[in-house]
Amino acid sequence: MKKFFKVLALIIVLLFLGVWWFTNSLKPTYNGTVDIKNIQEKVEVYYDTYGVPHIYAQNENDAFTALGYVHAQDRLWQMELLRRIPTGRLAEIFGEELVKTDRLFIGLGIDEASERTIAKIDTTSQVYQLTKSYLNGINQFIEEGPKPIEFYLTGIEKQPFTVKDVQNVTGYMAFSFAMAHKTDPLLTNIKNKLGTQYLTDLAIDTTPNSEFIQNYSQIDSLTVSNTLMASIDEALSNLPMSQFIGSNSWVIGPQKTSTGKVLFANDPHMGFSQPSLWYEAHIHTPNYEMYGYHVAGYPFPVLGHNRKIAYGMTMFENDDIDFYWEENHPTDANLYKTPEGWKTYETRTKTIKVKDGDDVTITIKTSRHGPIMNDVVDEISFNQPIAMSWVYTQLEDHSLEAFFYKMSHATNQTEFEAALPLLHAPGLNIMYGDAENNIGWYATAKLYELPKTAHSKFIMDGANGENERIRYLDFSENPKAINPPWHYVYSANNQPDSISGMLYPGYYLPENRAKRIVQLLEPKNDWNKTDVTKMITDVTSSVNPTITKVLVSQIDRKDLNDNQKEALDILQNWNGDNQLQDVAPTIYHKFIYLCLKNTLQDELGDDMFAQIMKTHLLKRTIAPLFTNENSIWFDNIDTKDKSESRKDIVTQSYLEAISFLENQLGNNVSQWTWNKVHTLEHQHPIGKVDALRSYFNVGPFEINGTREVINNLAFFYDETGEYKVNTGPSTRRVIDFSDIENSMSILPTGQSGNPFSPHYKDQAELYNKGEFRKMMMNEDEIKSTSKNVLIIK
């Protein structure tokens with residue numbers, strides 16, 4: 001018996017040692033020496049405390065090769081997922097559940113657009129050579145480095161990366177920014193089902209008194225089935241990667257800072273996932289330096305700064321997707337009607353490989369407007385073809401070849417501005433500041449003009465030729481503000497005040513964050529870095545208390561019980577703050593959800609109500625809808641014997657909200673604190689398996705903030721009364737040109753996507769607390785404090 005236990009103990013020890021050896025073999029190599037092909041001179045990579053690589057090379061090609069290698073060893077799984085999305089290859093890994101997602105992205109034609117772009121690239125250009133160097137580094141790691149644990153678990157093999165993979169990343173980013181595919185079919189259905197008055201009360205166009213982004217330059221500036229939107233939403237909801245949602249940024253001119261130098265802040269809002277979106281890297285050569293934020297598999301930083309310039313972005317939210325009804329020939333479904341006569345659809349056939357399932361072959365027709373969505377979304381039940389016209393795939397793309405490369409290599413404002421006209425999609429607000437005390441906001445996109453009779457937020461007639469783009473605007477007509485006399489620029493995805501003399505259509509977010517940003521920036525003239533770090537984590541809404549006062553005014557206090565009165569007092573005294581121990585936001589969000597449900601669901605039905613709850617439009621609708629006492633939406637069409645008023649709907653919703661919260665959180669109103677219902681978990685695709693959740697996911701955490709405050713930790717409304725954060729700041733950056741080497745940043749989880757790395761989640765607690773870490777740029781400090789050095793030769 002003793003011998004048996006000794007053998008058993010030995011087996012356990014050997015098993016433990018085997019697991020220990022295996023997991024250690026999968027860790028990134030932060031110390032030691034690596035030999036890479038085509039390196040001309042030795043490269044030194046110093047890792048700081050949080051795993052950010054500081055790459056010191058004698059030339060750019062070597063630096064970008066090193067970047068590709070270190071990026072891959074921390075993020076190869078993320079790179080693999082990201083290149084599979086636009087080519088429709090997720091079902092190969094995850095099975096039948098992702099077939100709809102693959103169908104959608106194959107239908108968009110991103111891969112074909114990339115092929116056209118690559119065919120025209122100058123292979124002798126510096127941008128191409130640096131891209132190839134970056135890919136050389138990635139592929140060297142693929143050849144020689146360990147296979148990520150996710151590859152073992154999903155059974156896929158490592159494959160080399162190509163320039164087309166890089167280009168496809170741009171296409172994914174462009175589609176992720178768009179909102180029309182989530183909104184236009186829904187609005188068309190509402191119009192056809194209910195009529196235009198219902199749309200008017202939803203404020204689908206501009207709200208006249210909103211907080212607009214102001215232009216300034218020293219140069220004078222001139223009947224749809226629900227299945228379409230529901231199926232697109234389902235396809236996108238299954239994505240195992242971050243989607244691009246919104247953002248904040250502001251740049252404060254020297255006249256409003258205590259140091260007389262520019263302060264720059266940016267926090268792009270993305271869908272949370274694990275690993276987080278950005279990979280930070282600092283590159284230093286004799287002729288080039290940049291501290292950049294990189295997307296997986298993309299060589300040039302999307303956000304960045306050095307000693308001379310800083311740049312960032314928010315989403316423009318302009319409308320760059322239009323939907324068109326096509327008209328098929330009565331006897332030949334391969335022909336469609338145009339003003340010039342019948343034309344033949346182009347067709348392409350693709351096969352989707354499905355893990356543990358049969359291959360799926362799809363044939364997609366394309367009209368002059370774009371792919372026919374009936375072929376892409378198999379649940380569409382109507383016969384008339386509907387085409388999606390997307391600027392990104394219809395115009396030549398220069399984003400890799402010129403836009404991101406030129407921005408990251410600019411040394412002054414003039415060089416930086418020269419890059420901006422080269423981006424046609426996605427629409428971005430590019431934010432700029434520099435050491436010479438210049439600041440700027442630039443709306444970059446290829447904007448276009450439609451006929452006055454066309455309405456781009458509905459599906460338009462594609463056969464009569466009366467709804468086509470008249471012209472593309474010259475970039476000089478795009479909105480911008482360069483060194484304005486109010487001494488700051490900002491963007492919070494809100495609408496610019498004018499574009500070529502008109503309010504440009506888009507899917508802009510409500511004024512909430514913009515109003516708060518202006519409210520804080522305007523009166524103060526001695527801003528410093530500490531002030532800005534506090535502002536970027538601000539969780540006070542300047543709009544929600546106003547909405548609350550309107551709603552509360554409709555409720556008769558004399559008819560309430562003690563809990564209802566106590567909760568009403570809390571709402572009436574609310575300053576809009578959303579801290580962990582606050583009770584008001586818990587009451588407000590359940591109350592507002594039920595107000596929306598009781599106002600909209602009877603007319604929309606369950607499906608359309610669920611769809612509208614996931615749109616930017618819903619966020620814009622809340623304030624104007626509930627301040628409009630006579631809105632047509634308030635009458636419940638299911639009650640034939642009466643006509644409900646705003647007061648009726650608000651009172652009903654309030655009583656239901658308090659009853660729900662009593663059942664959910666107990667009868668003690670003071671215990672209905674925000675931390676109990678507002679949580680954040682960073683989900684890894686493998687973490688969907690319950691047994692693996694704790695190993696791959698990060699969280700869940702109690703978290704402050706809410707929707708549409710500066711610290712925009714957002715969620716979708718539903719019946720549960722739980723507000724699980726799905727989007728928020730993908731980084732928070734504060735750059736101080738008076739002390740550039742001590743600028744600050746934070747990531748939601750960590751630098752590495754490798755679960756065995758010490759940097760997988762070492763920033764999560766700091767992020768949740770609203771704290772920061774240094775973006776190191778001082779060479780002596782970096783080299784003297786680094787405990788991990790990787791030599792590449």
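In this predicted model, Lys524 has a relative accessibility of 26% and therefore counts as partly exposed. Its side chain meets that of Asp531 in a salt bridge, with N and O 3.4 Å apart, and Asp531, at a relative accessible area of 18%, is buried.

A second pairing involves Asp739 and Lys529, whose side chains form a salt bridge at 3.8 Å, N to O. Because Asp739 belongs to the loop between β27 (732-736) and β28 (744-746), whereas Lys529 belongs to helix α17 (residues 529-535), this pair ties together parts that are 210 residues apart in sequence. Asp739 is partly exposed, with a relative accessible area of 31%, while Lys529 counts as buried at 18% relative accessibility. Elsewhere, salt bridges with shared partners join Glu80, Arg83, Arg84, Arg89, Glu92 and Asp165 into one network.

The structure holds 36 salt bridges, and another of them is formed by Arg469 and Asp322. This pair also links distant parts of the chain, since Arg469 sits in the loop between β19 and β20 (471-472) and Asp322 in strand β10, 147 residues apart. Arg469 counts as buried at 18% relative accessibility, and Asp322 is buried with a relative accessible area of 0%.

| Salt bridge | N to O distance |
|---|---|
| Lys524 and Asp531 | 3.4 Å |
| Arg469 and Asp322 | 3.5 Å |
| Asp739 and Lys529 | 3.8 Å |

Strand β10, which carries Asp322, is part of an open sheet of 3 strands in the order β15-β10-β19, with mixed pairing. The edge strands, β15 (386-390) and β19 (460-461), each pair on one side only. Strand β10 (residues 321-325) pairs with β19 in the parallel sense over 2 bridges, and Trp325 stands opposite Asp461 in β19.

Beyond its neighbours up to four places away in sequence, Ile55 touches residues including Val43, Ala63, Leu67, Val70 and Ile283.

Met407 is also one of the buried residues of helix α14; because 9 of the 11 residues of this helix (residues 399-409) are buried, α14 is largely enclosed by the rest of the structure. In helix α8 (residues 163-177) lies Met173, which counts as buried at 4% relative accessibility. Met173 and Pro86 are 87 residues apart in sequence, while their C-alpha atoms are 9.7 Å apart in space.

Key. Residues numbered from 1 in each chain as written. Predicted model: local features only at pLDDT ≥ 70, side-chain atom pairs only at ≥ 80, totals over all residues. Heavy atoms only, no water. Pairing = 2+ DSSP bridges. Helix = DSSP H or I, 4+ residues; strand = E, 2+ residues; numbered from the N terminus. Buried < 20%, exposed > 50% of the residue type's maximum accessible area, 1.4 Å probe, protein only. Contact = heavy atoms within 4.5 Å. Salt bridge = Lys/Arg side-chain N within 4 Å of Asp/Glu carboxyl O.
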